[in-house]
Every structure is written in C-alpha cells, then in structure tokens.
Amino acid sequence: MSNDDKRMPDENLRHDPEKELSPEEGSAYGYIDIDGDTIDVDDLVHIVTGPDEGMPVIPLRGITVYPGMLLHFDVGREKSVNALESAMLTDQTVFLVTQRNAETDLPTPDDFYPVGTVSRIKQMLRLPGNSLRVLAEGLSRGRISEIMQEMPYFRARIERLEETGDPEDPRIQALQRTVLDQFRDFVGVSEELSQEMYLGVEAMDHPGRMADIITSHLHVSMDEKEEILATVDIAERLEKVIELIMKETEVARIESEISEKVKENMAQTQKEFYLREQIRTIQKELGQDDSIEDEVEKWLGQLEELHLDKPVHDKLERDIKRVLRLQPSSPDISVMRTYIETVLELPWNNSTKDRIDLKRMQKILDEDHYGLEKVKERIVEYMAVRALVKEFKGHILCLVGPPGVGKTSVARSIARAMNREFVRMSLGGVHDEAEIRGHRRTYVGAIPGRIITSIKDCGVNNPVFLLDEIDKVGADYRGDPASALLEALDPEQNSDFKDHYLDVPFDLSKVMFITTANTTETIPGPLLDRMEMIQLSSYTEEEKVNIATEHLVRKQMKENGLKESQITFSEGAVRGIINNYTREAGVRNLEREIGSVCRKVARKIVEGGAAEKKKNHRITAGNLKNYLGKKKAFYDRVEEGSEVGTVTGMAWTAVGGDTLFIETTVLKGSGKLLLTGQLGDVMQESAKAGFSLIRERAETFGLAEDFYEKNDIHIHIPEGATPKDGPSAGVTMCTSMLSALTDTPVRRDLAMTGEITLRGKVLPVGGIKEKVIAAHRAGVKTVLLPEQNMDDLEEVPQNVRNAMVFKPMKTIDDVLAEALVRP
C-alpha cells in the first residue's frame, strides 16, 4: 500500500526481489549494507531494551515470507521501525510474521499468525516520511512461543521449526515430480507467469524450498499460504501444494476461456464496425443515403435498453440487422421499418404502480354510480383478493346487464381506483380473427391486432382493458374471433400471447381484462368458462330518479352551458321523462331526453336576451310536453275487471322487465293449437307442454276427454312485431288456456311467471327483480312466483315489496287456486 496522511504504510512485497538497492540510490538518504564494509547508522533511533533475549517481531500486511526468499518491503509503522532499528544494532535478524487482518493498523499479538519466518536484513533505505525500505532474506520457519514485550516494539521468544522428511525419499521425489508437472500445466494456462519462472523452479534441488517458492506465486488466500508455512513435513507440504496448484490451474483455465471469448467478441465487433464503415463509404460513393445505417444503430440501442428475453431479443436483432442487407429502393424496407418501430414502441417493461385501497375504491364507485350495491360489493371483494395474491391469476370479470346500466363506467371507475390506464375495445360486429391476433406480415398492409395496438397506444403493459360487447362477436370464413380471444383471456396462456404481426410472444398477464355483455346466451362456452359473471340488473324508477337528480341533470347542464340558476327539474318532471319518454333498463335515453330539454332552454336563453338569462326555467310534469312533445313510451297497465282467457305474464328483455298480456280464445275446429305474436321455439314448446298437460288431466279440470277434437285453441301475445322467447311464460299460457276452456275469469290484478312441466310442476326462472318491478309499474297487486324463486325477492327494492303480495307455487294447481275467479 502507498503512503498517505491518513494511514500508515504497509510492509509491501516487491515483485522484483532479485534487484538490490545500489549505493547510488542509498547515498541520497543513507543506508546500511550488512554484507559490505561500511554501515551508516547516523539516523537510527538507538532503542534496545532488556537483555539480548528473544527477537524483534515485525507484523506484515498481505505478505507471507518463506525461508530462502529474498524480498523488498516498506516499513512505516512506529513499532515496526523501532523493531527494525533494534535488529540492526544487534545481529540483523528479525522475525517476520503475517497479521490475520490486513486492515488492522495497530495489531496486537492475537492478530498474528502463530508461525512466521526468521529473516536477516540485508539492506535498508530511509525514505521520505520517516519510512524505511528493507531488503530481507528468509532463513527458517519459526513459531512464537512467548511475547516478551509489546512496547516500544514487539519482541518475542521464537521456537525454530525444522523440516522433517528425507529429500531422497522416493515418495517425496514422486511428489516433487508431480508438483513440477502440475506447475508446468499452471504456467501454460496462466497469463502472469513466464516459462523462465518454471525453469527456475525446475532447477531447484530441495523439494521443501520448491513447494515454498511455488506457493508464493499462487493467488491463494492468506490462510492457505500460512498453512503451507506451518507445515514442516515435506511430503505433507508437497501434497497440499499439489491441491492448490490443481485448483488454481482450473481457475486459470476458466479465466483463459473467458478472456478468449471476450477477445472473439471484440474482434467480431471491430470486424462489423470495419465492414459498416466500408458500406458507408461505398454508399457515399454511389450517392446513396446512409440514414439506414444510423437507424439500425439507433434500433439496436433501443433493443438493448428493453432487456427482453433472449429468444425474443435474438429474433428482433436478426430482423433489425436484416435491414442492412436490403436495398434502399426495395419495397420490403418500409415494411421492415414499420414492423421494427412498432415492436420497439411496445411497453415491454413499462408498468404503472397499482394502488389497491379498498376504502378509496368504495368511495369512487359510490361517487360514480348510484345503487348497484351488490355489484360494488363483488368488485371490492375481487380487488381485495388481488391485494392479497401478488401473482393473481383469477377469472376475467364479465359485467352482464342491459344497455345503459353502467357497465363501461364501472370498468372506468375500477381503472381510476387502481391508478391504471384505461383502454376500451369494442367487439360488436367483429368477424375477422385478424382483428384480435393481427395480420401476418406476408399480407400487404398488415397491422397488429387491436389488443396489441391498444396496449402500444396506452404506453403501459398493465392497463385495465375493457372488451365491450363480447356477446356480439361473430364468426365467418375469416376465422372465429371468440376462439382467438381464448388465448388473450386465459390466465394460463396469456403470458405468451403471440400476435401474428409481431411473431414474438408478448406478456398480457399483467393486463386486467374486463368484459361486458348484454346476455351470456350468445357467448361461446369455452370463452364463458374463463370469465366470472357479475350481473348488473336494470334500474328501478326510484334509482333512475336519484341518478338523474344527482348526476345526469348536472352533467347535461354543464355540457349545454347552463347554470343552476337558469334551469330546474322537478321530481315530477324527471319521473315523467322516465315513464313517458324512455323505455329502457338503464339511463342512456333518460340522459338524452334531459339533454334535449337543456338544449331547448339554451336556445330560449340565447334568443331571449338578458331577460331570459336571469329567468329560472322550471321543468315540471305539466310543461314537459312543451319541451319533449308527445309521449313516446307507453307501459302496459292492468285493466279493470277480470276477463276470461287473458292472463298477465312477466318477461325479462334486453331493456329490462316487462309485462305480457297473454290472450287465448277457443274456436270450433279440429284440435289445432295456433300460436301468434312471433313466439320463439321455446315459447311454442311451453305452450304445447301446457296443452298436453290439460289434455292429460282434462277430467280433473272438468273438461270432456275429447274437448280438443272439436275445438281449436288460439294463443296470441300482443305486440306481434316484437319477437318473444323463453320458458318463463309456461304457467301463464297454461292458465290462459284453462281459463278459456272452462270459461273462468282470471284475476286482473295478478301476474305470474314460471316454467311448466308435463307433470304440472312449476320450475324456477330468472330475472325476478326486473319482472317484479315491471309488474309493479303496471299496477299488479299480487305476484305468483315459483317456490324456488322466493329467495330472489331479496334483490327487489323494499318499496316494491311492500306494495305487493308474493305467493309461492309448486304446481299448476297452486296457480289455478290463486288465479281463477270461481263463482
């Protein structure tokens, strides 16, 4: 180590031990030559303590001295200088011992290795800074048996260690030859030792000295060097040296291999640079643009910054370098440029940090959506699981519900609450698989699929990705997009999603996919299996009123430039718009109608001048017609009085619940069953099942056994232009037919729903909440429900339940007992 102001210098091994200090060098400072005739002691500190017992000890840092070695080292610590000067005034012998920790500046005897080397000082040169440069020769091994003093320098009684073993012993000679062979191999692979070093070692006769010299040239630990020094048996020492040489030879061989690889890579890089410079020069001579070369270098730099997986990196690197082989006039070069730029612009490793705070998420959902309590609860639960499971691979959320109930806005709120980017992709009418997977680059005008394109545009690889209208995906001769979506939505596969255009896998596992649908009936089974359904039912009238009052009116006022002092909507006006101008499950058309009113008020204010600006335009149920015109929507209302053959049924449609008035009349004929009103296959089968039930139990119902042979039965459901289907009208049509056949009126304030079987059992159906709300709106007082659907009433608003009576039914007999008005 070098001298400095903060730390005392170390006793350092010189790598040129054969070079002694010349008299000319020493004359500048003064030096002692033990073998010469003159000893200059003018500047020595005369410190000799006690009788001539023991030997001065100098601790060395990072150096192990072996007998027979000649070496230079610097002495700078005060104790070491004092020990050296004391030795110079006596017999010039000193005990050189290595300290265990080279970082210790003020060592104690506990810091010394127990075995060192008795050495003789041959030369000493004083250097600037009160330090000395010493040339010493190792004489013999020794062990510290007793520390005699520690101040002003270390002095110890030394036990000299004599080597054991006969150099002429055949075993020792065999070990010596093995050491030489191993050392020759080591010199052959080492870059630090020369052949002359091996020849010098080979010329040594004494095997113990050979082992010591070889060990001094090995890059082994200090503990291993001290172990060799402490081993006095020649054979054992040679065996240990063989192990060290073998280990160091293997290390040196590995280093050599690494060095060769580095040299090869550097040579290849230099070769490529030289060839590129040649190409650049040729292009300049030909007058061609050399910007391609610059672009390739830029692309390669961008590729290195992405830190992609090796297979992906290697493929992209080949594609980038391929551009250099294309002619600038080639049409392929523009295709390759577009492809490379697209791949490099993808957010391979760019993500936003999730923020999963359940209280904040609940607050945001409440701010953005009124009602939907069960939906909000389910979403918060889903996010709680994501917070607990870091590598979450759950199902994809699918929000199912009628149009306008807030499916898209719920997904947008989730993205806002999680602090993620939001991406929306509509799947309605998509028939081409390439829309999902992209086009292969062999096609003219090929582009990536919409999933990859959307992720590239948003700039992160973990957005909330909304796949809208997934139930409206089609399939034709161009492929099946629904099947292509399986790979993107399957948590087990989407970590290696392969777009046809990219032709390399892209990780979609960090993307949070959310899908929306109006119904699950048209979603393919395998795709549906990968999604977790969350039902969003239609809004009740009360919920629509609150949504309009709290959100829609304010939003439309802002969009149309109106102030709160200029327009006011009464509750009656809002209810009037809901009941007379919209017919929907959500609030989309309600918002449009409110916007229409606001626009008309805005026109009045602009045309009326200052007076109209100060006026408050109050919108009420009475003047609503002046703004929106005649009523556009009409809901069925139950009529007064019971009728024969007319029964009120309940249905669930894409726009929410509705009531159906099923009419049946009996005509003279030959037993035909006529069905009109655009009934679907399921409804037709339900009517036939009910008719067969009546025929089978004709006697029980008080009908002649051959009643059907002389009569035709005609079932009709009004609004014939609207297609109708589903099993839930089974009991309704059966009751209607029995009422017409027995000439018994049906209660007009009663509605029913349920599927009928040939044995007369009533089976459960879906959409109870929407159906009950529709019946309440139509003025129904009593509702007959399948017994297994009674628990579904928990989802019905409390005010609706309080206004109606609900009765369970297990069989058709229970229905007839409640529905028919018997004399």
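Select helix α23 (residues 681-696) together with helix α25 (residues 730-742), which pack at an angle of about 45 degrees with their axes 8 Å apart. That angle makes α23 oblique to α25, because angles under 35 degrees count as roughly parallel, over 145 as roughly antiparallel, 65 to 115 as roughly perpendicular and the rest as oblique. This is a predicted model, in which local features need pLDDT of at least 70 and side-chain atom pairs count only at pLDDT 80 or more, while totals for chains, interfaces and linings use all residues. Residues are numbered from 1 along each chain as its sequence is written, and side-chain values use heavy atoms, with hydrogens and water left out.

Now show the side chains in contact (heavy atoms within 4.5 Å): on α23 they include Met 683, Ala 687 and Phe 691, and on α25 they include Met 733, Met 737 and Leu 741.

Next, select helix α11 (residues 358-368) and helix α12 (residues 373-388), whose axes come within 10 Å and cross at roughly 155 degrees. The two helices, α11 and α12, are therefore roughly antiparallel to each other. Their contact is made by Leu 358, Met 361, Gln 362, Leu 365 and Asp 366 of α11 and by Lys 376, Ile 379, Val 380, Met 383 and Ala 384 of α12.

Finally, select helix α16 (residues 481-489), where 8 of the 9 residues are buried, so that the helix is largely enclosed by the rest of the structure. Here buried means under 20% relative accessible area, exposed over 50%, and partly exposed in between (1.4 Å probe, protein chains only). Among the buried residues of α16 are Pro 481, Leu 485 and Glu 487.

Notes. Helix = DSSP H or I, 4+ residues; strand = E, 2+ residues; numbered from the N terminus. Axes fitted to C-alpha atoms, helices over the stretch in contact; angles between N-to-C directions.
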